[in-house]
Amino acid sequence: MGEGLLKGTMSELDLIDRHLLMLRATKENQPVGIIRLSEITGIPRHKVRYSLRLLEKDGLIIATQEGAKVSDRYADYLRELEDSLDAATARAAEIRGKLRE
């Protein structure tokens, strides 16, 4: 039952993890294409393509003829993500505390 309650949350965390991996691999290998990112990360091409599409929509990746590059928002995004994860961790701790009441 507990796993069912968090299934969506865990899926979202997995997606965030994959997007972060795509960002880092792009930054380290830019400009880089989908096939190369798939080889580097071991993630199937269709998932790489999906992540890049979302990251581009959020302004974190720039598509060029040579391949994907990270935008100037990269460092700000990492800080924002860290703050969001800290907030989520604190909220999860609050909820965990209620289990013991």
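Reply: Buried means under 20% relative accessible area, exposed over 50%, and partly exposed in between, with a 1.4 Å probe and protein chains only. By that cut-off, buried residues make up 25% of the 101 residues in the protein chain. This is a predicted model, in which local features need pLDDT of at least 70, side-chain atom pairs count only at pLDDT 80 or more, and totals for chains, interfaces and linings use all residues. Residues are numbered from 1 along each chain as its sequence is written, and side-chain values use heavy atoms, leaving out hydrogens and water.

Me: Why is His19 called buried?

Reply: Because its relative accessibility is 10%, His19 counts as buried.

Me: What does His19 touch, not counting residues up to four places away in sequence?

Reply: His19 touches Ser51, Leu54 and Leu55, where contact means heavy atoms within 4.5 Å.

Me: Which elements run along the protein chain from the N terminus?

Reply: The order is α-α-α-β-β-α. Helices (H or I, at least four residues) and strands (E, at least two) are DSSP runs, numbered from the N terminus.

Me: What makes the protein chain more spread out than a compact globule?

Reply: The radius of gyration is 16 Å, well over the 13 Å that the globule rule gives for 101 residues, so the protein chain is more spread out than a compact globule. That radius is taken over C-alpha atoms, and the rule is 2.2 Å times the number of residues to the power 0.38. The C-alpha trace spans about 55 × 30 × 20 Å along its principal axes.
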